[in-house]
Amino acid sequence: MNSYVPEKIIVDRAVRNDPFTQNLLEKFSDVPCEILENYSWHKNENNPDPAKNPLTEGKKILHLKYFAGNSIKSCPGITNGAVCCNYFTLDLIENCPLECSYCILQAFLNKPVITVHANLAEVLNQVRQHVSSQPQRLFRVGTGEHSDSLALDPVLEINKQVVPFFGELDNAILELKTKSNHVDHLLDLPHQGNTVIAWSLNPPYIVEQEEHKTAALHERLQAACKVLEAGYKVAFHFDPMIYYPDWENGYRQLVHQLLETIPVASIAWISLGTLRYIPKLKTMVEERFPKSTIFLGEFIQGEDGKMRYLKKVRQRMFQTVRQEIHKLAPQVTTYLCMEKVPVWQHTMPVHPTTNDELDDMLSNNFQQQFRQCF
Ligand code: SF4
């Protein structure tokens with residue numbers, strides 16, 4: 001995988017003297033830099049309309065922002081009537097240098113630049129306050145909602161601060177979700193067992209066809225082996241599973257490759273989810289990735305407005321993968337992402353009916369498996 005190099009850096013004046021900003025500007029001293037009062041893509045008349053600007057160009061601009069909002073939030077899945085795992089998302093970066101054809105960020109973010117919340121100390125302080133308000137609860141917190149958690153990390157080195165920070169918390173687990181193999185800088189960090197590094201997996205055919213600029217499947221698994229040696233826990237997300245003519249073989253082989261490479265006892269969880277998208281994504285994908293085949297198959301719009309495969313197709317895909325996992329590793333915790341109770345009942349061995357039940361299941365399994373007391 002290539003490392004990201006920005007072509008321009010825009011800095012909000014409020015974070016100009018922040019140590020994070022200073023380090024980055026030193027690292028990229030030959031990259032043009034602009035300091036602005038409060039950069040906003042829409043208000044900057046020199047920039048073209050983001051809807052017409054190729055997103056690939058926008059990603060070459062790095063914006064260091066003072067983030068004044070609430071950085072730790074409930075996962076958006078909690079509102080759509082699905083059984084949600086009560087996950088929390090921590091917003092550190094918006095947008096991603098990788099180019100998955102199906103990436104929802106293309107349609108979701110209102111600006112094409114990559115934005116980094118540079119007031120990291122304040123952002124992490126919000127996390128400390130949030131988790132300390134409920135000391136009896138185990139919080140699972142992920143940074144992969146609005147970007148890949150590690151794709152930019154060799155450049156930004158954000159997780160050199162975030163991983164040790166979570167290592168000091170008594171009741172929170174950090175999950176870093178990635179399709180990269182950028183882990184070398186994490187290996188010596190004092191994670192204290194509180195960080196799970198998770199890979200989103202797809203069969204090699206889909207990785208090559210749809211997940212541009214990401215690490216190959218074997219590189220992701222090699223990276224997982226490296227972090228295991230450094231004492232991290234790992235997790236895997238078969239998400240988004242994509243329907244294609246040879247999907248059954250592809251996903252069965254993927255399960256085998258995973259479980260023959262990674263020791264089962266070190267896997268914290270495996271989630272399953274199929275492709276979902278908001279309707280306006282389709283036009284963007286057709287323009288940006290004309291060779292993509294992700295829209296093969298029949299889709300139906302759900303109550304949350306997102307398009308999904310028909311229920312019977314999703315259920316078959318979940319059953320196939322879950323059964324294959326069960327044959328090789330019956331003890332591994334598996335769960336569905338963004339699916340309602342009837343789909344759980346048709347596909348999974350356990351059927352939590354509420355968010356709290358699923359949250360308890362994941363937290364209890366994690367604690368029992370790794371014998372940690374929170
Ligand atoms: S890795 Fe995730 S955030 Fe990055 S392009 Fe792919 S889907 Fe989008």
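Modeller: What follows goes through the sheets, the helices, the ligand and a few backbone details.

Colleague: What kind of model is this, and how are residues numbered?
Modeller: This is a predicted model, in which local features need pLDDT of at least 70 and side-chain atom pairs count only at pLDDT 80 or more, while totals for chains, interfaces and linings use all residues. Residues are numbered from 1 along each chain as its sequence is written.

Colleague: OK, which strands form the open sheet of 8, and in what order?
Modeller: The order is β4-β5-β9-β10-β11-β13-β14-β18, and the pairing is mixed. Strands here are DSSP runs of E with at least two residues, helices are runs of H or I with at least four, and both are numbered from the N terminus. Two strands pair if DSSP finds at least two bridges between them.

Colleague: Which strands stand at the edges?
Modeller: β4 (72-74) and β18 (334-336) do, each with a single partner strand, so one side of each has no neighbour in the sheet. From one strand to the next, the twist averages 25°.

Colleague: How many bridges join β14 to β18?
Modeller: Strand β14 (residues 267-274) is joined to β18 by 3 bridges, and the two run parallel. Within β14, Ile270 stands opposite Thr334 of β18.

Colleague: Which strands does α11 lie across?
Modeller: α11 lies across β13 (233-241), β14 and β18, and runs at about 160° to β14. Such angles run from 0 to 180 degrees between N-to-C directions, with axes as lines fitted to C-alpha atoms, for helices over the stretch in contact. Helix α4 (residues 120-132) lies across β4, β5 (88-90), β9 (139-142) and β10 (172-178), at about 45° to β4.

Colleague: And at what angle do α9 and α11 cross?
Modeller: The axes of helix α9 (residues 247-261) and helix α11 (residues 311-328) cross at roughly 30° and come within 10 Å. The two helices are therefore roughly parallel to each other, a label for angles under 35 degrees, with over 145 being roughly antiparallel, 65 to 115 roughly perpendicular and the rest oblique.

Colleague: Which residues meet there?
Modeller: On the α9 side they are Trp247, Glu248, Tyr251, Arg252, Val255 and Leu259, and these meet Met317, Thr320, Val321, Glu324, Ile325 and Leu328 in α11. Residues are in contact if their C-beta atoms, placed from the backbone, lie within 7 Å. The residues of this contact divide into 8 nonpolar, 1 polar and 3 charged, where Ala, Val, Leu, Ile, Met, Phe, Trp, Tyr, Cys and Pro count as nonpolar, Asp, Glu, Lys and Arg as charged, and the others, Gly among them, as polar.

Colleague: Switching topic, what surrounds the ligand?
Modeller: The ligand is surrounded by Cys96, Leu98, Glu99, Cys100, Cys103, Leu105, Ser147, Asp148 and Lys179, a residue being near if its C-beta atom, placed from the backbone, lies within 6 Å. This shell divides into 5 nonpolar, 1 polar and 3 charged residues.

Colleague: What order do the strands take in the open sheet of 3?
Modeller: The order is β15-β17-β16, with antiparallel pairing, and β15 (276-277) and β16 (299-301) are the edge strands. Over 2 bridges, β15 pairs with strand β17 (residues 307-309), where Met307 is the bridge partner of Tyr277.

Colleague: Which strands does β1 pair with?
Modeller: Strand β1 (residues 8-12) pairs in the parallel sense with strand β3 (residues 61-65) over 4 bridges, and likewise in the parallel sense with strand β2 (residues 33-36) over 4 bridges.

Colleague: Last one: where is the cis peptide bond?
Modeller: The cis peptide bond joins Asp239 and Pro240, with omega about 5°, and Pro240 is found in strand β13.

Key:
Contact = placed C-beta atoms within 7 Å.
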